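Hi,

Here is the structure I promised to pass on.

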Amino acid sequence: MSHSERSDSIFEARAEHLTRVELESWTALSERETKVVAKLKATGAKLLIGPRGSGKSTLMLLAYYQLLDSSDVFPVYVNYAKHLALEPIFKARPDATELFRQWVIAKVILGLHETEMSAGAVSGGPAELLDAAKAFIENLEVGVVPDDFQRVSPTQLIAHVNAYMAAAGRKRSVLLFDDAAHAFSAQQQREFFEIFRQLRTRTIAPKAAVYPGVTNYSANMHVGHDAEVLEAWYRADDPAFLETMQEVVSRRLPPEMHEEFHGDRVELLHYLALASFGMPRSFLTMIQEVLDYDEDEGSHKSPTRRRADLAIERNVSIVRTVFESTGEKIPRYSNLITEGRRLEDSFLKNLSRFNATKDVGQKTATIGVKRPLTKEFQQVVDLMAYAGIIRTLDSQSRGSAGVFERYEMHSSFIINANALSLGRSPSTRDIVNALTRRPPSALVRGRAETFLGDDYRSRCTLNLTPCSNCGAPRVSEDAQFCMRCGKPLTDKSIYHEILQRPLSDLPIPEKKKKALARTNLSSIQDVLLDVEFKELLRGHYVGPVWAKRIFSAAEEYVSV
């Protein structure tokens, strides 16, 4: 790889956009992540869980590439990122569930062929089935429903997988489902996991990447029993965490950039690693901002504490935007998002009060909420976990005081709010020491009412669309007919509304947003239609690399 090619992609955070060589040579895994990859390659169903940017796709693709080189396993990698494009069909067609099931299966058929091509194996499936699957996927993802299509059952799909496996001379197969059932559509998710459950056989091991808190499973699937849960999220309390993040930088950055973090500036690198909260994507983004590096210009500056603080502040803004935009994209969650912001503030204030009386080595970033938790409170923390604002830890018993559900607050939020209570201008060293030397048993304890107030349950309600005919409120999220007038209840398409969201919603630098304001692009849909980047490249300070980056951000935005 030439220096210019390397510079173009060193800060590309989405694993799907990296070549195999880039992904394998730039990824650093701790012992824990190495074990996760090993389990993804092994037998048995697995659920790989983690928020956006935590490395799920990286781990899945690493497993896929390693299995490609094996002699006994036939791997299939399928990305379901475009699932939300099918959402409008659920608003308009009675057979939407069957169409969705066939789309899920068609994607696997296409994945079988792609593995066959990559592995150089002999064909294991009929060409007409592959052509039909391709056409079906392409049509459905642009909203066109074919008049007639070839239906394939899960049982028939199992036969196809076994045929490809046998043709390649391999003994078993691993199906790696990335971006699986992430849409906030319980119906889609339940259908997906019913297929997932049926695909588990003696010779086939399905794996799925999911988000924490918001994934709905089918009634017949029992998490933990039917599928083992694996966490895709670097742990800051892992003794190897800082060493692993340093290795990420040494593998990714060219020598002249890597040397900027030698000597006294190693502490600045640790500061950013801890602030990333174990999210590789956030870490790379902050490194780029601290170096003030733009791929289109190819220059960088020496890192400073001031730019590090600004990068951390912006990281807080990005994570919070992911959280708040959930309520904007899916209005029924708007009340829960408001309560989530209130809970975020409350957690930080309580941590600050607790830490004010503690020495540097006795601080905490962990909150304990006493059981039992109400459904309303659980919904709020689930959405916060989905966005990555908090991380759910194991529960902890405090004897007669009760059992507490533990939540770790995002380190960038802790630093930005000075919730470690280290004084007005704490040193980088003190912050690093406070975050790395925290006692594992220390936590701020309280009840749900402690953090949200006695009346929080009345505020934690779904903002359901009223009946379009008579205006009566809905009695539940699953109601199909109005209780007053009896007319069918309808919803606006989430997908169509997301496409019309303004470009200001995208998690890109303000400089790039201002550049796009001078173009004819105004919505997310405008960017997605600009497939050749003609309009994007009209933006000042937007070159080929950033045009691709902005387009990628728009694609991810509509994947929810």
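**Around Val444**

Setting aside residues up to four places away in sequence, Val444 touches Asn350, Leu351, Phe354, Thr364, Thr366, Ile367, Gly368 and Phe451, where contact means heavy atoms within 4.5 Å. Before I go on, this is a predicted model, in which local features need pLDDT of at least 70 and side-chain atom pairs count only at pLDDT 80 or more, while totals for chains, interfaces and linings use all residues. Residues are numbered from 1 along each chain as its sequence is written, and side-chain values use heavy atoms, with hydrogens and water left out.

Back to Val444, which sits in strand E10 (residues 444-446). Helices (H or I, at least four residues) and strands (E, at least two) are DSSP runs, numbered from the N terminus. Val444 is buried, at a relative accessible area of 7%; buried means under 20%, exposed over 50% and partly exposed in between, with a 1.4 Å probe and protein chains only. One of its contacts, Ile367, is 77 residues away from Val444 in sequence but 4.8 Å away in space, C-alpha to C-alpha.

**Two other spots**

Glu376 belongs to helix H16 and is buried too, with a relative accessible area of 14%. Leaving out neighbours within four places in sequence, Glu376 contacts Tyr456, Arg457 and Cys460.

Ala13 is in the loop between helix H1 (3-9) and helix H2 (20-26), and is partly exposed at 22% relative accessible area. Its C-alpha is 7.9 Å from that of Thr285, although the two are 272 residues apart along the chain.

**Helix packing**

How do H14 and H15 pack? Helix H14 (residues 305-329) and helix H15 (residues 334-355) meet at an angle of about 150 degrees, with axes 7 Å apart. That makes H14 roughly antiparallel to H15. Axes here are lines fitted to C-alpha atoms, for helices over the stretch in contact, and angles run from 0 to 180 degrees between N-to-C directions. Under 35 degrees counts as roughly parallel, over 145 as roughly antiparallel, 65 to 115 as roughly perpendicular and the rest as oblique.

On the H14 side, the contact uses Arg320, Phe323, Glu324, Thr326 and Gly327, which meet Ser334, Ile337, Gly340, Arg341 and Glu344 of H15. By type, the residues of this contact split into 2 nonpolar, 4 polar and 4 charged.

Met245, Val248, Val249 and Arg252 of H10 meet Phe283, Leu284 and Ile287 of H13. The residues of this contact come to 6 nonpolar, no polar and 1 charged.

**Aromatic rings**

Rings of Phe, Tyr and Trp (its six-membered ring) pair if their centres lie within 6.5 Å; planes under 30 degrees apart count as stacked, over 60 as edge-to-face and the rest as tilted. How many aromatic pairs does this rule give? The count is 19. Tyr64 and Tyr65 make a tilted pair, with ring centres 5.7 Å apart and planes at 55 degrees, and both residues are buried.

Phe533 and Phe551 are also tilted, at 5.6 Å centre to centre and 55 degrees between the planes. This pair links distant parts of the chain, 18 residues apart: Phe533 is in the loop between helix H23 (524-529) and helix H24 (544-557), and Phe551 is in H24 itself. Both Phe533 and Phe551 are buried.

There is a cluster as well, in which ring pairs link Tyr80, Phe100, Trp103, Phe177, Phe192, Phe193 and Phe196.

Most residues other than glycine have a negative phi, and most peptide bonds are trans. Against that background, have a look at these:

- Arg371 and Pro372 are joined by a cis peptide bond, with omega about -5 degrees; Pro372 is in the loop between strand E6 (366-370) and helix H16 (375-387).
- Asp292 is not a glycine but has a positive phi of about 50 degrees; it lies in the loop between H13 and H14 and is partly exposed at 38%.
- Ser421, not a glycine either, has a positive phi of about 55 degrees, and is found in the loop between helix H17 (411-416) and helix H18 (428-436).

Cheers

Notes
Ala, Val, Leu, Ile, Met, Phe, Trp, Tyr, Cys and Pro count as nonpolar, Asp, Glu, Lys and Arg as charged, and the others, Gly among them, as polar.
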